[in-house]
Amino acid sequence: MPNESPLPSTVGLLLTGGGARAAYQVGVLEAIADLRKACGQGEGPNPFPIITGTSAGAINASALACGADDFDGAVRQIAHTWRNFQAQDVYRADHISMLRSGATWITLLSFGWLVAKWRRLKPRSLLDNAPLKELLDKLVPLERLPFLIRKGALRALAVTASSYSSGDHVTFFQGDRRIMPWTRMQRFAVRDRITHAHLLASSAIPFVFPATDLHINGNTEYFGDGSMRQSAPVAAAIHLGADKIVVVGAGRMHEPKSEAHLHTTSTYPSIAQIAGHALSNIFLDALAVDVERVQRINQTIKLVPEHARLSSALRPIELLVIAPSQRLDAVAARHVGDLPHAVRTMLGAVGVSSAKADVKGAALASYLLFESNYTTELMRLGYADTQAMRAQVLAFFGWTDPLAVSNAQDHVPEPPVERRMDPLRLR
């Protein structure tokens with residue numbers, strides 16, 4: 001893969017989208033922080049000089065980047081926020097707000113264009129995410145970025161969003177001056193000062209949250225969730241100079257065929273099921289395809305003679321992919337009842353039930369369940385999945401496992417003991 005950055009190789013982090021599913025990422029970060037400390041690297045530099053994120057992952061990525069000079073502290077703060085989440089911290093969840101936004105959508109779904117024409121209804125989104133703006137003010141102090149970049153604690157932060165106005169997929173980045181923007185088919189990068197508006201745009205799940213206007217190339221365009229039309233999620237970290245990238249997904253990379261019969265049904269799909277399927281396509285599918293593409297390119301590069309590789313811009317990209325070992329729809333099904341009553345009522349109108357066995361219906365809810373019981377369970381899963389990959393994680397970072405060293409010392413063979421022959425036994 002071509003190296004378009006003059007900067008030295010380094011480790012990058014990619015946090016993908018997925019609404020409330022992004023809680024899983026926080027558990028992964030907590031596990032990495034603990035492993036780093038256990039290996040005696042706790043006082044070392046930020047392990048991720050290059051940080052990229054999309055959708056809710058852009059918010060986590062930005063919060064982490066703003067604490068690049070105190071990785072452990074930043075992870076603790078992010079974890080505290082997600083461990084104490086309530087839906088009302090992200091969107092208005094009271095009955096009046098649901099009537100203003102959600103009920104309008106339900107009305108249009110029920111009576112269509114006729115009501116829209118008579119009442120001139122023009123709803124912008126299913127939910128009002130005004131509370132998220134206040135949360136960003138507390139969680140993501142973006143004014144620290146220039147200092148951290150000058151200090152060398154952070155090389156670059158990048159967040160992506162999709163333009164409803166132009167159809168382009170845009171990566172906004174702030175970082176080292178030597179990093180140059182890039183352009184590809186229907187996607188390009190722009191050097192910019194990252195603001196909370198960029199994070200709101202990147203995390204604006206289509207139909208669910210309102211689009212955000214951003215100024216770009218002298219024009220004002222409206223942007224939505226960066227996972228839309230994102231054909232190459234890993235690309236931004238590569239363009240920014242990373243050749244080792246930790247990729248954290250928001251869903252299983254491959255659904256086991258043995259479980260397929262558990263989620264099939266002969267009934268017509270509800271609107272919630274169709275919406276959940278569409279969101280899974282937006283948030284999950286592109287990542288699996290891109291990871292396969294990078295791995296395939298790595299295999300191709302190995303076939304090129306070493307002298308040819310050295311004289312070219314080709315370089316392999318090492319990926320460490322950490323993704324949920326469980327189906328998050330099933331986890332969400334156990335917590336739908338935790339949503340505020342007004343939200344449950346609205347989602348119930350499109351087919352989301354509180355039945356724990358309704359995994360299909362819970363797919364939509366899995367992106368909106370900003371409730372502590374659900375987010376905490378996802379964090380525990382992310383932590384456990386990362387710890388289960390302990391050997392791969394430590395090998396990726398080049399950290400020495402103290403447990404392995406201790407076990408090796410415990411099993412050191414004793415030196416041979418000099419044996420003296422008993423003269424009587426010689427007879």
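Are Phe 397 and Trp 399 buried or exposed? Phe 397 is buried, and Trp 399 is buried too (buried means under 20% relative accessible area, exposed over 50%, partly exposed in between, with a 1.4 Å probe and protein chains only). Here are some notes to read beside the structure.

1. What you're looking at. This is a predicted model, where local features need pLDDT of at least 70, side-chain atom pairs count only at pLDDT 80 or more, and totals for chains, interfaces and linings use all residues. Residues are numbered from 1 along each chain as its sequence is written, and side-chain values use heavy atoms, with hydrogens and water left out.

2. pLDDT is the predictor's confidence in each residue, from 0 to 100. The protein chain has an average pLDDT of 84, and 82% of the residues score at least 70. Residues 1–8 stay under 50, though the model gives them 26 contacts beyond four places in sequence (contact means heavy atoms within 4.5 Å). Over residues 417–427 the pLDDT is also below 50, and that stretch has zero contacts in the model beyond near neighbours in sequence.

3. Aromatic pairs. The whole structure holds twelve aromatic pairs. Rings of Phe, Tyr and Trp (its six-membered ring) pair if their centres lie within 6.5 Å; planes under 30 degrees apart count as stacked, over 60 as edge-to-face and the rest as tilted. Helices (H or I, at least four residues) and strands (E, at least two) are DSSP runs, numbered from the N terminus. Both Phe 283 and Tyr 367 are buried.

4. Back to the opening pair. Phe 397 and Trp 399 are stacked as well, with 4.3 Å centre to centre and 10 degrees between the planes. Together with Phe 48, Phe 71 and Phe 396, they form one aromatic cluster. Look at Phe 396 in particular: the charged end of Lys 244 sits over its ring, 4.7 Å from the centre. The rule here is that NZ of Lys or CZ of Arg is within 6 Å of the ring centre and within 35 degrees of the ring normal.

5. Follow Arg 21. Arg 21 lies over the face of Tyr 367, at 4.6 Å from the ring centre. Arg 21 also meets Asp 329 in a salt bridge (2.4 Å, N to O). A salt bridge is a side-chain nitrogen of Lys or Arg within 4 Å of a carboxyl oxygen of Asp or Glu, and the count by this rule is eleven. Asp 329 is in helix H13 (residues 328–333) and Arg 21 in the loop between strand S1 (10–15) and helix H1 (23–38), 308 residues apart. Arg 21 counts as buried because its relative accessible area is 3%, and Asp 329 is buried too, at 7%.

6. Strand S9. Lys 244 forms a salt bridge with Glu 318, with the closest N and O atoms 3.9 Å apart. The pair links strand S9 to strand S10 (residues 318–322), 74 residues apart. Lys 244 is partly exposed at 22% relative accessibility, and Glu 318 is partly exposed at 37%. Strand S9 (residues 242–248) also holds Val 248, which is buried at 1% relative accessibility. Val 248 and Ile 322 are 5.0 Å apart in space, C-alpha to C-alpha, despite being 74 residues apart in sequence. Not counting residues up to four places away in sequence, Val 248 touches several residues, including Leu 13, Tyr 24 and Ile 322.

7. A salt bridge inside one helix. Asp 290 and Arg 293 meet at 2.4 Å, N to O. They're three residues apart in helix H11, so about one helical turn separates them. Asp 290 is buried at 3% relative accessibility, whereas Arg 293 is partly exposed at 27%.

8. Most residues other than glycine have a negative phi. Phe 207 has a positive phi, near 75 degrees, and lies in the loop between helix H9 (196–202) and strand S7 (212–216). Arg 229 has a positive phi of about 60 degrees, in the loop between strand S8 (219–225) and helix H10 (235–239). Phe 207 is exposed at 61% relative accessibility, and Arg 229 is exposed at 52%.
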